[in-house]
Amino acid sequence: MPTDQFPVIMARRKFLKSVLAGSSLLAAGRTLSATESLVVQARESRPAFHGPNVILIRFGGGARRQETIHPQSTYSPFLCRELARRGTLFKNMEIASIEGLNTSHGEGTLNIVTGRYDKYKDVQGKFLGARFEPKVPTIFEYLRKSFDVPPHQTLIVNGEDRPDEEFYSFSNHFAYGINYRSNMLSLYRFKAWLMRHQIAEGRLSGKEIEQRKKDLAKWEQVDYRTQGDDRPGPELEVFWQRWRDYYGDSGMVNPRGDRLLTELAIRAIRELRPRLLMVNYQDCDYVHWGNLSHYTRAISIMDEGLKQIVQTVEADEEYRHHTIFVVVPDCGRDSNPYADVPCQHHFNSRSAHEIFALFAGPGVPRGVAVDRRVDQSQIAATLGRLMGFNAQFAEQQLLEEAIA
């Protein structure tokens, strides 16, 4: 049967659940139906992925062009003066001005990974909540459905202050979804892993065990789509055990904020060997406390982290000439110098829509600066072209200058 008929079969037979159960059904000795057999065969027949790898850096928490890519006012010297020379810089990228579209962190992140704009609402209707569920596939789903790439090699490194973004690892699209999800690395995920191990080890008091069980049950019920069954695979079990062996249980020893994300990303590159890695930096958002230095210092920390990740790749023989970097903010920020709290992004100002994107690596032209207006939604399809998958539900206009 042609593979383009699979989506029809998937919808008719609730494919999202059947694929997840496929391997366990075989292990239990149950005979698969014809449809389930086709599904398993389709999964097993995916070709190997030969690259290039992509490391997607969300210069997040909202970062303006003025403090990032403008040479005279940058707080990102590595990004602006070194990495930009090695690739193609889109200096005039924007987030489209669409009624009801917010220039914020969760929305911007999903614009990047889905290649589509949408009007998102928090799934629980919380005020200022950002628990969004995309309706079209993410770049992680496209990659894993197109190639034989395991979930631990498609990773999102997420910040501890954005628990809503823990659930951006897959869409609700009937032909993609949970079976092609990425894995998440974050302090929240480590804490959940640690609670399970502390309970199993039996070294806690009765009250401590009961509290851990309550905390764990609450965590596991947060995402109704996984029904509490979102355990890390064996590769992540080993990753978190090494993290625990090094940093301990307290959470007071390991780095925090965006430095934590840098450490997780570097360890992931060395231990998990991701083919697609997204690092969701976020500390710029502390400017909401009213101090501009929180914003500019956070940009410097992101830049330092970017440099460390690039150096890690350059020191690795398998990654050095086989990895593309993409750096893009989730949103911009307001440029009104008279605002009581500087650098807001919620009020739909022009500069909140103004961002940039940098592509650098094999197959990307070097030393190119693009002045024409381009759009944040073009990133997903461009990554698809560079990595070899078809982001069919994304906006199809490519960032042509980034493709040699």
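Colleague: In which sense do strand 6 and strand 7 pair, and over how many bridges? Please take a close look at strand 7 for me.

Modeller: Happy to. Keep in mind that this is a predicted model. Strand 6, residues 323–328, pairs with strand 7 in the antiparallel sense, and three bridges join them.

Now for the side chains of strand 7 itself. In a regular strand, side chains alternate between the two faces of the sheet. You can follow that here: E354, F356, L358 and A360 point one way, while I355, A357 and F359 point the other way. Is either set exposed, or are both buried? Every one of these residues is buried, whichever way it points. Buried here means under 20% relative accessible area. Since seven of the seven residues in strand 7 (354–360) are buried, the strand is largely enclosed by the rest of the structure.

To put that in context, zoom out to the whole protein chain. It has 13 helices and nine strands. Of its 404 residues, 56% are buried. And if you take the contacts between residues at least 6 apart in sequence, 76% of them join residues at least 24 apart.

While you're zoomed out, have a look at two of the helices. Helix 10 (residues 257–271) and helix 11 (residues 292–314) pack with their axes 9 Å apart, at an angle of about 10°. Angles under 35 degrees count as roughly parallel, so that is the description for helix 10 and helix 11. Among the residues that meet there are I266 and I269 from helix 10, and I301 and M302 from helix 11. By class, this contact has seven nonpolar, four polar and five charged residues.

One last stop: the aromatic rings. The whole structure holds 15 aromatic pairs. One of them is F239 with W240, an edge-to-face pair with centres 5.1 Å apart and 75° between the planes. Both F239 and W240 are buried. They also belong to a cluster linked by ring pairs, together with F190, W193, W243, Y246 and Y247.

Terms used
Residues numbered from 1 in each chain as written. Predicted model: local features only at pLDDT ≥ 70, side-chain atom pairs only at ≥ 80, totals over all residues. Heavy atoms only, no water. Buried < 20%, exposed > 50% of the residue type's maximum accessible area, 1.4 Å probe, protein only. Helix = DSSP H or I, 4+ residues; strand = E, 2+ residues; numbered from the N terminus. Pairing = 2+ DSSP bridges. Axes fitted to C-alpha atoms, helices over the stretch in contact; angles between N-to-C directions. Parallel < 35°, antiparallel > 145°, perpendicular 65-115°, else oblique. Contact = heavy atoms within 4.5 Å. Nonpolar A, V, L, I, M, F, W, Y, C, P; charged D, E, K, R; others polar. Phe/Tyr/Trp six-rings, centres within 6.5 Å; stacked < 30°, edge-to-face > 60°.
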